[in-house]
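Open the model in your viewer and get ready to select a few pieces one after another. We will visit a sheet, then a pair of helices.

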Amino acid sequence: MPNRLARETSPYLLQHANNPVDWYPWGEEAWARARAEDKPVLVSVGYAACHWCHVMERESFENEQIAALQNDLVVSIKVDREERPDVDEIYMDAQQMLHGHGGWPLNVFCTPDGRPFFGGTYFPPQRRTGMPGWTDVLQGITQAFREQRDKVEQQATELTRHLNLRVELAGEEITESPAQVRSRAAAALLQAADHTHGGFGGAPKFPQPFYLQLMVQQALDASASNRNDAREHLARSLRKMAEGGIYDQLAGGFHRYAVDEIWLVPHFEKMLYDNALLIPLYLDAYRMAADADDAQLFARIARETSEYLLEGLQTPDGAFYASTDADSEGVEGKYFVWTRDELHELLDGQDAEIACRRWGVDVGGNWEGNSILLAAQSPDDVARWLDLTPAEVEASLVRSRRTLLEHRATRVPPATDTKIIAAWNGMAIDALARAGAVLDEPRFIDAAVRAARFILDNMRPNQPAEGGLLRIHSAGRASVDAFVEDYAALADGMISLYESTGDEPWYAEARSIIDAMIERFWDHEGGGFFTVGREGEQLIAQRKPTQDGATPSGNALAARALARMYALTAEGRYADLIEAMRTTFSAYLSKAPTMLGLFVSVEDWLTDHRSVALVGPADDGELAQMRRDLWSGEPRPMVIMQRTQTETIVPQLSDKPQQDGRAVAYVCQAFACSAPLQTAAQLRSSLDDPVSSLYPDP
């Protein structure tokens, strides 16, 4: 018989709707029962693509006897972390305070008023390899709650006190310029870099796009002594990821992370945010590449990953789903792996041999008797080995990819988490708008426009003029008040749409969203943005998202949107908020700037950016060439504006009228602009001039 989760719209919660566990969704009903019966509360957090969440469900939550014990001893709340990142953030922090590590599923036990006192992640049903069994945990927690209540209350009070301490560590004066902070962070990252396989650290290995973004900026800094090291490590990391099993060699798109240090064996789920964050990195690397083969590879990966978003995650209405699962038919990775025999059965003899060599498919496989496809040999190497021309090999691989994808489509696919999340769609809009402009692929910009229109039309309350936004759209309805990351990521995507199209309504939407974000989330006393807005549900602790995780922190995303809006408007209030954030998070910037990787990148961008204004008729060929040059050149810190109409609402364009119907460009630094530049060649030359910082070194 279904439990209460059957009334929810979250695909993750619905996965648990037929468990014999008496689950509650997050809400007052569960807490009221816990208070009435004086029972501990289990807050169990996961997400739809979480492999170990599925394992624990199968082993424990679907077990009738274990579920009966759980129902008797505790009140159980199931939470989708993607739907309620505010809940996840608080209880994950508590888990990390208790044990020094976290993960999902997250299982935290609380007093009836919501204060945590014990937590863990995955537990087997019975004791195994030193891990306590779930039944042992349930019984031990209940016994402690009844017989050692004073200790439980003391633990809960102390944890909650720490959770409520201000997350910022202000008071440390920052004497370095933003560029110096960035350089120090980049040096620390290069020290931790894997100079053989790319990325940072060992297994498991995540792409960590915020670290790689710092490499981009360090590589572009002509004064940095390690700029070549940064450039080389960026290229190495992106190349190794693209060649490894973490990248879907057939359909494009990246899996979440690799369980090894060589990017071979992925954790097979695919997340919208991972792919949306990696596309701009590959675009930047393409624009920077000195090696023609690297440039071709990076452009191809950016294009294929953008195509994956359209083919694999786009909804019929144009928005983007959250993720696809790692498991098929209960087996991790089953959908994605192959055997040599399969390839020889599906492909013609020579095509099969080419495919096996190109994608590393051998007898016995490279993972549990199967083969994860990777770029084992280049097409040129395969051609030399088999005495073929590169064109013959490429044609064969096109045929084979099409055949293998058609066959893969007959398999049982991983489940798709069909939630539409505002923040992640904002990241996808940003990525696709950039991809369309850089790769000259209008279809990507069109896809970004469709997604933006869906969010604006379907995920705002009935009074959009008031600036409200909802985070989730699922099962045909929008819900959950948006968090700061939703406002910031969506505004950022709207700015990229304005830059890539020149259509001013996107600028207007971005500005409206940013102003609403400031009104709802800014901390006027301590600086920085809270996770939850003033009108949202207030939990046991107020949090400020500071450190980047799998996605950028809400404050970093907010800073990027503010910096770009400042460049478009010259309104100091936007820059002043970033300055206040610098003070608020000064201890992190002083002691551990890599923890705030995206914020460090944004602050450095703000102090060293240019604005380029393009003015002229929309159909002017010279204007089009200027746009192409701006998007194809090195990814300099820049915001691009375009005025093709008589009237404009963009403040930085108001004093830049058309010049006798001719295309002109203005390059502005610190809001002081060049004389009108009338040719693309003049614009290119102007951009090569050195840039002086707005903030001189102390």
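Select Val41 and look across to strand 4, where Cys110 stands opposite. This is a predicted model, in which local features need pLDDT of at least 70, side-chain atom pairs count only at pLDDT 80 or more, and totals for chains, interfaces and linings use all residues. Residues are numbered from 1 along each chain as its sequence is written, and side-chain values use heavy atoms, leaving out hydrogens and water.

Now colour residues 41-46 (strand 2) and 106-110 (strand 4): they pair in the antiparallel sense over five bridges. Two strands count as paired if DSSP finds at least two bridges between them. Strands are DSSP runs of E with at least two residues, helices are runs of H or I with at least four, and both are numbered from the N terminus.

Zoom out to the open sheet of five strands, with order 1-3-2-4-5 and mixed pairing. Strand 1 (23-25) and strand 5 (116-120) stand at the edges with a single partner strand each, so one side of each has no neighbour in the sheet.

Next, select helix 2, residues 28-37, which packs on the sheet and touches strand 1, strand 2, strand 3 (75-80) and strand 4. Contact here means heavy atoms within 4.5 Å.

Finally, select helix 18 (residues 442-458) and helix 20 (residues 504-521). Which residues meet there? Val449, Ala452, Arg453 and Leu456 in helix 18 meet Trp506, Glu509 and Ile513 in helix 20.

Key: Axes are lines fitted to C-alpha atoms, for helices over the stretch in contact, and angles run from 0 to 180 degrees between N-to-C directions.
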